[in-house]
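Thanks, everyone. I will go through a few residues one at a time, so please keep the structure on your screens.

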Amino acid sequence: SKFKAIWEPVNYKEDIRLLDVYFVSKDEGWVTGAAGTILHTKDGGNQWTAELGGDSHAQGDELKHAFFTNPTHGWAQSWNALFRSTDGENWQRVGDDVRGDVYFVSDVKGFRAYGGKILTTDDGGNKWREVLTCRAKMEIQGLIRDKNCDVWALNFPSPMVGYAMGDARILAKTEDGGATWNIHVGAEEPGDQRVYDVFFLDENNGFQVRSGAKMFRTSDGGQTWQGVVAKLEPGNPKVKFADHEVGWSCLGTTWAYTVDAGKHWTTRQIRFPAPVAACYGVADVAALL
């Protein structure tokens with residue numbers, strides 16, 4: 001291989017289980033984890049500052065999901081609680097019983113999907129309103145049925161165009177910034193078609209990871225999907241791209257990468273000090289935890 005990756009440990013002294021990572025540049029990023037922990041680095045992980053929690057003996061929610069729009073505006077989330085920062089350092093709880101991983105397209109406008117619904121906020125997460133209840137007509141074993149559906153994986157390649165997926169064959173798409181959503185029902189295929197992760201490079205080209213760690217790609221905005229030859233870690237691995245060409249999928253001891261916009265993937269088994277729970281890439285730098 002003409003590419004070489006050197007992984008270096010950057011440790012935090014407290015014995016805390018870390019669950020998610022998000023970097024806004026090659027130097028500045030955050031990780032979230034158990035005991036209500038949010039850690040911040042400004043030097044590529046050499047030094048970490050606890051902005052919330054950070055004590056392995058403390059009582060606090062497991063913060064399983066992190067999302068940032070820029071160095072000052074970020075969100076950290078447990079299974080039903082949402083915390084927000086407007087300066088990248090101080091955090092306050094916002095909203096009430098916020099479930100479903102959040103995805104923000106600006107400092108105040110965001111979305112989440114939970115319980116068969118897509119909800120949106122215009123104030124950074126304090127108040128949420130429903131914009132879609134998932135219901136679709138689909139042919140099942142030769143019969144047309146009108147059934148409830150559920151979505152849980154969100155991605156916006158632009159502030160106006162967004163995708164939501166979850167249940168088999170279901171794709172919800174917005175082209176007006178989330179005001180309205182159209183539900184598309186895909187063709188019935190062999191195997192489990194549920195989608196657990198989605199990432200779009202632009203408004204037409206994207207990837208989904210289905211049950212069984214199987215990757216598919218689209219070049220027509222989700223109308224059709226083709227299988228991708230890529231060996232991913234069993235479970236629910238996520239796919240993230242640093243730019244239009246370079247992408248990663250990391251979970252457990254498996255690291256898969258592409259340098260040609262996902263046309264070809266290379267997989268490596270790496271003996272990390274601990275199984276990888278999440279990864280995030282910026283430019284030519286990747287962070288794992």
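Leu 132 sits in strand β12, which covers residues 129-133. This is a predicted model, so bear that in mind throughout. Is Leu 132 buried or exposed? Its relative accessibility is 11%, and because buried means under 20%, Leu 132 counts as buried. Beyond residues up to four places away in sequence, Leu 132 touches Gly 116, Lys 117, Ile 118, Ala 172, Trp 181 and Ile 183. Thr 120 is 12 residues from Leu 132 along the chain, with 9.5 Å between the two C-alpha atoms.

Next, Glu 51, in strand β4, residues 49-52. Glu 51 is buried and has no salt bridge. Which side chain of opposite charge is nearest to Glu 51? That is Lys 42, 7.0 Å away. What Glu 51 does have is a side-chain polar contact with His 40, at 2.7 Å. With neighbours within four places in sequence set aside, the residues in contact with Glu 51 include Trp 30, Ile 38, Gly 88, Glu 89 and Trp 91.

Last, two backbone angles. Most residues other than glycine have a negative phi. Asp 97 has a positive one, near 55°, and Ala 261 also has a positive phi, near 65°. Where are they? Asp 97 belongs to the loop between β8 (92-94) and β9 (103-104), while Ala 261 belongs to the loop between β25 (254-258) and β26 (266-269). Asp 97 is partly exposed, at 33% relative accessible area. Ala 261, at 4% relative accessibility, is buried.

Notes: Residues numbered from 1 in each chain as written. Predicted model: local features only at pLDDT ≥ 70, side-chain atom pairs only at ≥ 80, totals over all residues. Heavy atoms only, no water. Helix = DSSP H or I, 4+ residues; strand = E, 2+ residues; numbered from the N terminus. Buried < 20%, exposed > 50% of the residue type's maximum accessible area, 1.4 Å probe, protein only. Lys, Arg positive; Asp, Glu negative; His and termini not counted. Salt bridge = Lys/Arg side-chain N within 4 Å of Asp/Glu carboxyl O. Polar contact = N/O pair within 3.5 Å; in protein donor to acceptor, adjacent residues only side chain to side chain. Contact = heavy atoms within 4.5 Å.
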